[in-house]
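Here is a quick tour of one model, written for someone who likes to have the coordinates open alongside. Grab your viewer and follow along.

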Amino acid sequence: MAETDLTAGEHFKYRVRRDTSGALDWFRANWRASRRFRWGARIVLAGLIVLILAWAFIARGLPDARTLIDYEPALPSVVRGADGEVVGRYERERRVQLQYKDFPAQLVNAYTSAEDETFWTHGGIDYPGFVGAVIDYLNPMRTGRAKGGSTITQQVAKNILVGNEYSITRKFKEMILARRIEAVLPKREIMELYLNEIPLGRRSFGVQAAARAYFNKDVGELSLPQMAFLAILPKAPEKYGRAKFADEAMSRRNFVIDVMAENGHITEAQAAAAKATPLGLMRQQPETATADAGYFLEEVRRQLIARYGEQAENGPNSVYAGGLWVRTSLDTQMQAAAQKSLRAGLLRFSGGRAWHGPVAKLNADNGDLTEQLASSNIAIRYENWRIGVVTARSGPSATIGFSDGTEAPLTGLPDVIKVGDVTAVAPNGNAWAVRTVPEVQGGFLVEDPNTGRVYAMQGGFDSRLSDFNRATQAQRQPGSTIKPFVYATGLDQGMTPATMVPDQTYCYYQGANLGEKCFRNFGGEGGGEHTMRWGLEQSRNLMTVHIAMDAGMENVSRTFRNVGIGQYDNYPAFALGAGDTTVMKMVNAYASLVNHGVQHSPTLIDYIQDRRGKVIWRADRRECAGCTMAEWDGKAMPRLRETGKQVMDPRTAYQVVHMLEGVVQRGTATVLRDLGVPLFGKTGTTTGPTDVWFVGGSPDIVGGVYIGYDRPRSLGGWAQGGRVAAPIFRQFVSETKGKWNGRPFLAPTGIRMVRIDRASGKRVFAGMPTDDPRASVIWEAFKPDTEPRRSQRQDATDALRELVLAQLRRSRSNAQGGGVDASDEPPPSDFAEEQGGLY
């Protein structure tokens, strides 16, 4: 049969048999005739077997390229304030993920010209480039690292799937994965992964992060020479961005521009203009948050880590890899005011004091001092101050070095300052002068009492100097700021703001071993009886002890627990503020007072979204049934249920707030009186005095502040809450006047406002209260049937009350004494004021 008579299929088989037969005949003939051929064939066959086995060994266990279809890069978490503006990020690497359409075409062209000219046409591997890389790797004359020869697809495989191991084995892995990647992803998605993941120096991954790090621009704002510069960075990401390699960077950048012109991406004129442009790199600077809220942001970070973990291995929503979007309650204006006010108060208190020592100490034996300072992350953000390290000293002269490597003369030297000391400095002509960071510290926190949302938090002078948050972590004695809750307990036990309370020595028996303990007024002053209101306004310790013991210390301790101040034993010292608590707890307790006894847990985070925008957590978990219905069903408007926990009788809470308004009007916080805003509050000064406090606010804003040394010691006899802490709060209110709406304190149902004589507590039927804070006639808040009666019946009522209280005191004394013979009792001790608040 002729070859032309075959069908197409038969013809193909015939040709294969014919050609194969000829090749086999040739191979057999040479195999028999030539010994050299036989050895050569064996070597080639062995090489092919080795290559196949090596390929199979390397390919076995490689990651699945299909994982890149749903690949999610590690992204930083972004924090926003209450107004939606970005206030901070949690990141160890600068990363910003963009879509392919977000990258300018010329930026893509710059990278293909610099890294992979055949990217759009090859199948993942540039074989000539790979062979050149292998030859260079095996070259014995080579010094340093061999050239790459990797395509963009191979770099994607390296950056995401196989890592940066320096070996020829990695090259084979890249090649295998590059072929697989090209099979599962289109070119644009591969380029998108590359431009988002490529490491480009300055802790930047991806071109958007690098554009910000080197030029402080977004990718859409880059010029042609800037795009070309970013395209050279993959070759040496930690080299080309440094000033000492500027000439090499310029040469490499211009080479990329020439290649872009050769490839037709730009004209020769554009290339010439771009090459004439200087690099124009921004100096590398440390990351700074949009809002200076380091303590607030650190507290948010702690909460996020506790909820989701820190790294990618902890879960998909980890803080440093999950790409979370966190909306917080931070009010940037209030935060700035809280920081400014607290700092001003700390500086006022420290004014005139000598330099107390360095912020930190560095050892010159460990290397360059400025480099050590740069790696320490010690900094300050106050006016024009900087943190520096003393690099040299000779007599009255010294040199200060900064984290950027620069140095300058240092003036105003303390005698004890020496090389290696880290200190704050400020400009002084052509030199720098030493400044003293206050040794005394403090905490300031501001909260919305209606929701518990924390508006501002300042935990010290500067979070860059100390990350210990004194608003949430410092356990301090609250002093007299705890007294309103003692008075609240008395009101719950039947007393009224007009009840007459002794301002006299109070002694009680503690048992055979401890004997009798006595409270006396400081300096022996005091005496007589006064209204409960007067006792709170003037912060009288003995009156507070009488109220606590008459109401029952077990009841007082229960009130402290209910409002979240702390859990204390039933000792009267705790009624004067001897127990430890935090600023956050005290502010939240006062928030319950002004909110009619309803308390909300303090929150910093409103809600959290994952990287796709889905809300995965929110503080307000209430569901609003019917809020999103398509059409109105004719029923009443849906309303959210009330939240919060009722921790106090609303009437009692208002009575306390009403008395605390008097503290501002004529008591220990009169420094706030002329602000023109309805305010309530209480000062506090602890024994020593070691801490000074003020807590208070309005119906919509409550804040608290304390000042003291981290290792408690005396602040000095003149230090009082009204002199030191209250002025800080005053400045805060002045700085945020637009936030204070002037809403008055409203009484809840069940309160009766009655005119009384402020001094005697008796009911008044003639005359009206005035705006004069010293007026004798005032409005007082009473629960039903507790207000003073007409004068002719008042004396009888007072006598009956005194009889009841006397019997109550006798019964308590007998219960505590246990029938011990008085002759065996130790003598009374002067307890006086060594426990709790003085003012």
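Seven bridges join S23 to S24, and the two strands run antiparallel. Keep in mind as you look around that this is a predicted model.

Two opposite pairs are handy to pick out here. Thr685 faces Val692 in S23, while Phe680 stands opposite Gly697 in S23. S22 and S23 also make a hairpin, with five residues between them, and Gly688 in that turn has a positive phi of about 135°.

## How covered is S23?

How many of the residues of S23 are buried? Seven of its seven, so to speak a mostly covered strand. In a regular strand, side chains alternate between the two faces of the sheet. For S23, Asp691, Trp693, Val695 and Gly697 point one way, Val692, Phe694 and Gly696 point the other way, and all are buried.

## The whole sheet and its helix

Zoom out and you get an open sheet of five strands, antiparallel in its pairing, in the order S13-S12-S24-S23-S22. On average, neighbouring strands here are turned by 5° against each other, ignoring direction.

Helix H19 (residues 583–594) lies across S12 (441–447), S13, S22, S23 and S24 (702–708). Its angle to S24 is about 150°.

Thr472 is in the loop between S13 and H15. Is Thr472 buried or exposed? Its relative accessible area is 17%, so Thr472 counts as buried, the cut-off being under 20%. Leaving aside neighbours within four places in sequence, Thr472 is in contact with Glu299, Met457, Thr582 and Met584.

Glu299 has a salt bridge as well: its partner is Arg302, with the closest N and O atoms 3.2 Å apart. The two are three residues apart in helix H12 (residues 294–308), so about one helical turn separates them. Glu299 is buried at a relative accessible area of 15%, whereas Arg302 is partly exposed at 27%.

## Other salt bridges

The structure holds 35 salt bridges. One of the other pairs is Glu623 with Arg618, where the N to O distance is 3.1 Å. Glu623 is exposed at 66% relative accessibility, and Arg618 is partly exposed at 30%.

Arg752 and Asp785 make another salt bridge, their closest N and O atoms lying 4.0 Å apart. Arg752 belongs to strand S25, and Asp785 to the loop between strand S26 (777–782) and helix H22 (791–817), so this pair ties together parts that are 33 residues apart in sequence. Arg752 is partly exposed, with a relative accessible area of 36%, and Asp785 is exposed at 57%. There is also a network of salt bridges that links Asp292, Arg343, Asp462 and Arg464.

## A nonpolar patch

Which residues make the nonpolar surface patch of about 300 Å²? They are Met753, Met768 and Trp779. Met753 is part of strand S25 (residues 752–757), and at 33% relative accessibility Met753 counts as partly exposed.

## Helix H18 and its packing

Last stop: helix H18 (residues 553–562), where Met553, Asn555, Val556, Ser557, Thr559 and Phe560 are buried. What do the buried residues of H18 pack against? The answer is two helices, H15 (483–492) and H17 (541–551). Just after H18 comes Gly564, with a positive phi of about 85°.

Definitions and conventions: Residues numbered from 1 in each chain as written. Predicted model: local features only at pLDDT ≥ 70, side-chain atom pairs only at ≥ 80, totals over all residues. Heavy atoms only, no water. Pairing = 2+ DSSP bridges. Helix = DSSP H or I, 4+ residues; strand = E, 2+ residues; numbered from the N terminus. Axes fitted to C-alpha atoms, helices over the stretch in contact; angles between N-to-C directions. Contact = heavy atoms within 4.5 Å. Buried < 20%, exposed > 50% of the residue type's maximum accessible area, 1.4 Å probe, protein only. Patch = residues over 30% accessible without salt bridge, like charges linked within 9 Å, V, L, I, M, F, W, Y side chains within 5 Å. Areas by Shrake-Rupley, 256 points an atom, 1.4 Å probe, with all protein chains shown as cover. Salt bridge = Lys/Arg side-chain N within 4 Å of Asp/Glu carboxyl O.
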